Amino acid sequence: MMERKYRHDATITKVDHLDEDNVFLTLNAPELSELSKPGQFVELETSQFLNRPFGVAICDKKAGTVGIGVRKVGKGTKEIFEYKAGDKATLFGPFGYGFSISEKTSRAYVIGGGTGIYPLLFLLQELKRAGIKTYTGCGFQSLTHALMIDDFSHISDDYLTACEIGEADVSGTAVDALAELYERHGQSDGTIVYACGPIPMLKAVNAWCEENGIDAECSFEARMGCGFGVCRGCAIPVIRDGQPTYDRCCVEGPVFRRGVVDWEGL
Amino acid sequence: MSTIDLSCRVGDLTCKNPLIAASGTFGFGREMSRFFDLGVLGGVVSKGVTVKERRGNPPHRIAEAPGGMLNAVGLQNPGIEKVIKEDLPWLIKQDTKVIVNAAGDDLGDYVKLAEALNGVGIDAIELNLSCPNVKTGCMAIGSEPALIEEVTRACKEIADVPIWVKLTPNVTHIGDMAKAAEAGGADAVSLINTLLGMRIDIRTKRPVIRNNTGGYSGPGVFPVALRMVHECFKAVNIPIVGLGGIMSAEDVVEMMLAGASAVQVGTATLLDPYTMPTMIEALPSVLESIGATSVSEIVGQMRPW
């Protein structure tokens, strides 16, 4: 039998129910943890027809584990929500073009919204390893919807939670948190914004970056067929050679430099 | 060591095994080569290629459905010139048969594509007379026997490789379409393309797919595909390449018993990129279990009641 490098028959080692809709799974998958880079994703098999894509949220190469955060939204994720430690799971990946960590980067603003925060945890882990200062802002509907505050504040040099309803560090959106963090820490050569969240948030991040002349890498999500570039189901509007076209969220993305994205076309 | 002969013939074309990757589920092969050496496959049919570059349909392009999925990608591809320059040179170097799926708006487009592909070194052209997700050409041509025959004949006169005609299931009598392809000189017919379908988001009352409709594929279409392959097997004398919802080596055997000389695997690859090698590995033992010593001997051997 031929080797199947990108197929992983994993065991779930830990299940953390973060709230009544969110679960964080840790899976024992040594090869997957070896291959994964921040911003990349895995495709998880369920009893539903198509596999479900999730950004790699933690990656411990030593322990041979990866983690994913999952929010219960439909039949597939409902099933995942019921997983227990010891259950088996089949995953494919890692797939996609992740966040780039340049040697020139000196400080990073890391902005997440809702379940978009999960893959940023792995990014923060690698930014810290690279000695880059990290200022993180995560936006949620309300404090009761806030996720993993301790994990994010622990790993970041500065951290703010933003909520539009109720008392939080910042009253407003993730972009308001970004503005506040920027007020505190400013920019130097090699400042970059990393963002992952719903499209309205990414649009707002892009507009803020445009205004402040800062580059950004934005991670998108899309309905995916395969996850590895052959079906062209997960189209993200981009501008290539001055022309509007569609890139694949699963190959050219899910992380795109903000200048490439056709924000009007989204 | 298995002594089962997996080689098969589609007209003059001999494949090392009957598993060919279906168009639109395998790109131009390069993305798949990180998973396995394409040399294990009987063949690869490229993504549908058009004369000019096509951007495809806006998202959402896919929706899940019981037993499968809908897609309306809309033939996104860089256009024939770029494909010949940048994609096919790599693909034809792989140790597998290369079939280019050609999609056009009208007769002129198909002729241009066939002409452009002369001398490139591919093994066959599959005329896409069946894509349901574009406004003109393709399925519109493939639903009219007279047009099928005309396009097939025109391409046959120009092309230096065999011509396969990929048929749509969205017709009343698919056997008539196969006959039209045969009359036009086709070397083979491949079927089925996707079944035209739709999903609606009940909250927004909008179709899930931006194109409103999409092509349904996956194991749910398998029985329909089998019936249609058998119908065409009875209707024509040219070989049939069977596809539609094949998920296992058993399905391959079933499709060949219905009359397919070779098969294509599409949607199954999207769920597991290793699915075709898995089927090829399992095929000899499935054949052995039914007392066959080769794949070619089972073609059309279904015993109707």
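Which residues is V193(A) in contact with, leaving aside its neighbours within four places in sequence? Select V193(A): the list is Y109(A), I111(A), L178(A), V205(A), W208(A), C209(A), I214(A), D215(A), A216(A) and E217(A), where contact means heavy atoms within 4.5 Å.

The model is predicted, so local features need pLDDT of at least 70 and side-chain atom pairs count only at pLDDT 80 or more, while totals for chains, interfaces and linings use all residues. Residues are numbered from 1 along each chain as its sequence is written, chains are lettered from A and ligands numbered from 1 in the order in which they are written, and side-chain values use heavy atoms, with hydrogens and water left out.

With V193(A), they touch the most other members of the largest nonpolar core, which has 153 residues. (A nonpolar core is a set of buried Ala, Val, Leu, Ile, Met, Phe, Trp, Tyr and Cys residues joined through side-chain atoms within 4.5 Å; buried means under 20% relative accessible area, with a 1.4 Å probe and protein chains only.)

Move to S219(A) in strand 13 (residues 215–219) of chain A; strands are DSSP runs of E, at least two residues, numbered from the N terminus. S219(A) counts as buried because its relative accessibility is 5%.

Finally, show both chains: 30 residues of chain A are in contact with 40 of chain B.

Conventions: Buried < 20%, exposed > 50% of the residue type's maximum accessible area, 1.4 Å probe, protein only. Helix = DSSP H or I, 4+ residues; strand = E, 2+ residues; numbered from the N terminus.
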